Amino acid sequence: MNSARTALSRKIAVHAVLITYVVIALFPVFVILINSFKTRRAIFREPLALPNADSFTWEGYQTVLNQGDFLQYFQNSFVVTVVSLFFILLFGAMAAFALAEYRFKGNTVMGLYLALGIMIPIRIGTVAILDLMVQTGLVNTLMALILVYTAQGLPLAVFILSEFMQQVSDDLKNAGRIDGLNEYTIFFKLVLPLMRPAMATVAVFNMIPIWNDLWFPLILAPAESVKTLTLGSQVFIGQYVTNWNAVLAALGLAIIPVIILYTLFSRQLIRGITSGAVK
Amino acid sequence: MTALILDNVCKSFGEVEVLKNINLTVEDGEFVVFVGPSGCGKSTLLRVIAGLEDATKGTVQIGERMVNAIPPAKRGIAMVFQSYALYPHLSVAGNMGLGLKQEKTPKDEIIKRVGEAARMLSLTEYLDRRPSELSGGQRQRVAIGRAIVRKPDLFLFDEPLSNLDAALRMNTRIEIANLHRQLAASMIYVTHDQTEAMTLADKIVVLRDGQVEQVGAPMELYNNPANQFVAGFLGAPSMNFLRHGENSLGIRPEHIQLAETGLSARVTHVERLGGETNAILVTEHDEPITVRFFGQHNIAVGEAVHLTWDAANQFMFNAAGERI
Ligand SMILES: Nc1ncnc2c1ncn2[C@@H]1O[C@H](COP(=O)(O)OP(=O)(O)OP(=O)(O)O)[C@@H](O)[C@H]1O
Ligand SMILES: [Mg+2]
């Protein structure tokens, strides 16, 4: 009975810590959400109060949805993020597989070279990138952003994934080779499913910076039709007046897709851990 | 006909020579076991035969064909791995049938062969399950089934039993022996367990540091080891080696008897296994020696005894470990 009690109190302690952490982490999100439903005056008078009958308003969301082509921005951001993640994961995993699986001259050097990008911020090359995009006629296209974000995400992806690649059982790949599978089938059917947890980690690492980025959309794709959500929201932040209702509403909306993607990836994380097929 | 001929096979990883001039012939239908300590190159040799690694030098011939340049899937081999290596996304039937499917075997033929193999291995009721829903022993049987359905000219086993517990290991060992009888196929089996080697093999190949130390039938190697390494490697408990001037005298634990006179020794430990009793002693020259008694023996720790043996059963090895 005693040990049951200590187990219970330990459980309570653990949960208390975790819940405190969750509250702290979610607090800014909570503040954004409640204030997005309040009038401008109420936001400044009592920033932490819940919206009540007096202060409640849809105004922010109305402004956001009416002004500009918000749905379009949304779609742009979503396309850019998802396609960039797809390429980062695909090419990252392929490079990692090659580095881990095949012994060739300069294997180590190649691995180091690919990892170098982790230490050099891609923004240093902005001018050159812009120049390149102008020359290739990619300015003001989503493709420009996708290419840049893929390049930005690859070094870390290759680095993390090759670490995990080395843990994938050689026997499994060899069994595939003996059964006559080609290297692509071995990679896509046997190895990739085992890499899910690592890929989910990489995806989560890359998703938020891409979704939130203002720099490259502003420089490479400022045109109305290709604006991302973050860039689109800037119209509400003026030099003299800022439409806080609208900014908060835009931010509130921007959270939704991130949560959806995150939920998807985290489910992969858990499934990957529990699948354990070899041994 | 011969199932496999290795001619001067060498394998290096960079500077490291892992296999050195391996020459070996496996006759049709023969069960050949590679034994040797960890890291001696058994798996590497098996992988060279399978085509998963290229030999640095030398030729590999399977059946009538030189296979150095032929990919693993086309060599007419099948391999069973230590870690089972089942495809996690396929059912048991899918796992067993994949190799045939890749060879574009007709569907009904695949179903027939998978069914046959499943019956042989008592897996029929598990055909629709995923590997993750099977026990370790069942997984290993699926891995064996995957090899059987391909009807290979040569089976390759890489320590297939080392992940199983003792009881299951014995059952599966017998199952593999039965399989060999039924299929009459040529098999190469890698292990570092000398019991498996002795019980399964028609021919044992003892490897050390990438070199073949001795090749022969189990009892031939046991009764007539070419050197000290082979003598010490086969047999459990292993052979005793006593200093004898420059040389070394080898005598197996079961060949030693207690006597009134002879080498005097003191018992330091006794292992009672029921069917046999193993005593570990220290001789008057401070050398450890193991004695094996059949049945139950009342020898006790601390007891002072005298040991003798028939000189016909002893082996002499020189300082380099060679038999003299
Ligand atoms: N890909 C590789 N690169 C470099 N060295 C290797 C490679 N594969 C194996 N080796 C080396 O070759 C030697 C033999 O390895 P191998 O796996 O054949 O041993 P083994 O006899 O099967 O041992 P075990 O009983 O532990 O399985 C080892 O020293 C190992 O370090
Ligand atoms: Mg091995």
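**Salt bridges in a predicted model**

A:E224 and A:K227 pair in a salt bridge, their closest N and O atoms lying 3.4 Å apart. The model is predicted. A:K227 has a relative accessible area of 14%. Buried means under 20%, so A:K227 counts as buried.

Turn now to chain B. Here B:K11 forms a salt bridge with B:E53, and the closest N and O atoms are 3.7 Å apart. Which parts of chain B does this pair tie together? B:K11 lies in strand β1, residues 2–13. B:E53 sits in the loop between α1 (42–50) and β4 (57–62). The pair therefore ties together parts that are 42 residues apart in sequence. Are these two residues buried or exposed? B:K11 is buried, and B:E53 is buried as well.

The side chains of B:R208 and B:E213 meet in a salt bridge, at 3.6 Å from N to O. B:R208 has a relative accessibility of 33%, so this arginine counts as partly exposed.

Back in chain A, salt bridges also join into a network. Which residues are linked there? They are A:E101, A:D170, A:K173, A:R177 and A:E183.

How many salt bridges does the whole structure hold? A search over all chains finds 19. Among them are the pairs A:E224 with A:K227, B:K11 with B:E53, and B:R208 with B:E213.

Terms used. Residues are numbered from 1 along each chain as its sequence is written. Chains are lettered from A and ligands numbered from 1 in the order in which they are written. This is a predicted model: local features need pLDDT of at least 70, side-chain atom pairs count only at pLDDT 80 or more; totals for chains, interfaces and linings use all residues. Side-chain values use heavy atoms; hydrogens and water are left out. A salt bridge is a side-chain nitrogen of Lys or Arg within 4 Å of a carboxyl oxygen of Asp or Glu. Buried means under 20% relative accessible area, exposed over 50%, partly exposed in between (1.4 Å probe, protein chains only). Helices (H or I, at least four residues) and strands (E, at least two) are DSSP runs, numbered from the N terminus.
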